[in-house]
Amino acid sequence: MVDAYDRAFGLSTPVIAIDEPGADVRRYPPEVVARIAENVRESYAAAAAFVNAYPVELVNIQHEYGLFGGERGEWLLDFIRLLDKPVVLTLHTVLPEPDEAYLRVTRALCDEAAKVVALSETGRNLLENVYGIDPQRLDVIHHGVPDVPFQETSAAKASFGIGQRTAISTFGLISRGKGLEYAIEAMRSVVKRHPEALYLILGETHPVVRRQEGESYRESLLAMVREYGLHYNVALVDKYLDFDEVVSYLAATDIYLTPYLNPAQIVSGTLAYAVGCGKAIVSTPYLYAQELLAHNRGFLCEFRDSASIADRLNMLLDDPALRRATERRAYRFGRQMTWPHVATAYGQLFSDLCPRGPLELVTSA
């Protein structure tokens with residue numbers, strides 16, 4: 001988001017990083033001008049003092065639970081309350097049924113912010129109706145997606161050496177909440193009708209998961225592939241994918257699959273990217289998928305149900321015209337979510353809160 005914003009307005013935005021325990025040896029690029037130690041409460045006040053003295057007019061916090069210290073991340077309140085500059089709070093997670101602590105901390109954070117940004121209409125509705133946030137203080141700015149042309153898959157497939165095989169993919173950091181075991185099981189049915197199909201599971205194990213349980217989940221998935229004899233049809237690519245690699249793999253993808261297990265998931269960057277790249281999508285019906293794939297922009301399958309996943313995949317594989325129409329609908333919707341559009345939306349929001357006046361675009365969305 002910072003890169004897109006800086007390109008749009010010709011700026012160089014300073015960044016404050018949040019460091020988990022043990023990350024103090026991490027090296028950051030020059031735009032990172034300060035750091036907050038997640039588990040050191042005094043660090044939040046020190047960061048606020050730094051920002052107050054720094055030549056910026058506004059602070060945007062990209063908030064996610066689990067990043068900040070204290071109960072439910074409440075030490076972030078220390079930072080916000082000591083600032084003498086307006087805060088725009090972007091909430092990446094909005095729980096539909098928060099416990100008392102989540103509710104208390106989220107309400108307090110929103111009360112301290114000049115504006116609160118949700119990444120979906122579902123998120124905004126929850127903030128208004130469950131958390132009681134004043135709707136006048138709420139905005140929706142979509143999760144950003146790559147600004148790429150609608151394109152055929154042939155060239156990208158050739159670059160990965162998969163020829164003209166039908167490619168199904170899921171990318172992102174791997175953890176048990178992704179439900180990948182149900183997708184692998186679904187491939188047993190898919191390959192009976194489409195033996196050329198290839199399911200690519202792209203990404204390394206989530207670092208927190210790796211610390212807790214090593215590679216046991218990935219190894220269990222590989223064991224399933226062996227047990228089901230799917231060596232030709234399922235591949236796990238164990239690496240962290242940078243932006244260009246993600247876009248390249250999506251360009252080679254015929255169907256994107258998110259078999260996630262959490263019904264309350266309010267945002268998925270991978271799902272957003274797949275929509276932005278104009279992919280036919282099959283997904284379990286978590287909240288974000290319901291919103292993004294409405295109006296036939298994709299197809300929903302049941303949670304923890306490999307037969308349901310296989311049914312949706314086969315439906316799209318059997319009918320190329322349906323797949324192509326679904327791709328077009330997703331791509332048209334995704335155009336409003338491109339990073340240049342997101343940068344422009346943030347620029348307008350920031351300008352409304354700053355006395356200096358509107359920002360001047362140097363590139364158009």
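Accessible areas come from the Shrake-Rupley method with a 1.4 Å probe; for residues, only the protein chains shown count as cover.

**View 1. The surface of the protein chain.** The model is predicted: local features need pLDDT of at least 70, side-chain atom pairs count only at pLDDT 80 or more, and totals for chains, interfaces and linings use all residues. Residues are numbered from 1 along each chain as its sequence is written, and side-chain values use heavy atoms, with hydrogens and water left out. The accessible surface of the protein chain is about 16,500 Å². Carbon and sulfur atoms account for 51% of that surface. Of the 365 residues, 51% count as buried (under 20% relative accessible area; exposed is over 50%, partly exposed in between; 1.4 Å probe, protein chains only).

**View 2. The pair of phenylalanine 150 and tyrosine 331.** The structure holds twelve aromatic pairs. Rings of Phe, Tyr and Trp (its six-membered ring) pair if their centres lie within 6.5 Å; planes under 30 degrees apart count as stacked, over 60 as edge-to-face and the rest as tilted. Phenylalanine 150 and tyrosine 331 pair edge-to-face, 5.4 Å centre to centre, with 65° between the planes. The two residues are 181 residues apart. Phenylalanine 150 counts as buried at 18% relative accessibility. Tyrosine 331 is buried too, at 13%.

**View 3. The pair of phenylalanine 243 and tyrosine 273.** The ring centres lie 6.1 Å apart and the planes meet at 80°, so this pair is edge-to-face. Phenylalanine 243 is partly exposed, with a relative accessible area of 41%. Tyrosine 273 counts as buried, at 12% relative accessibility.

**View 4. An aromatic cluster.** Tyr5, Phe9, Tyr346 and Phe350 form one aromatic cluster.

How values were computed: Helix = DSSP H or I, 4+ residues; strand = E, 2+ residues; numbered from the N terminus.
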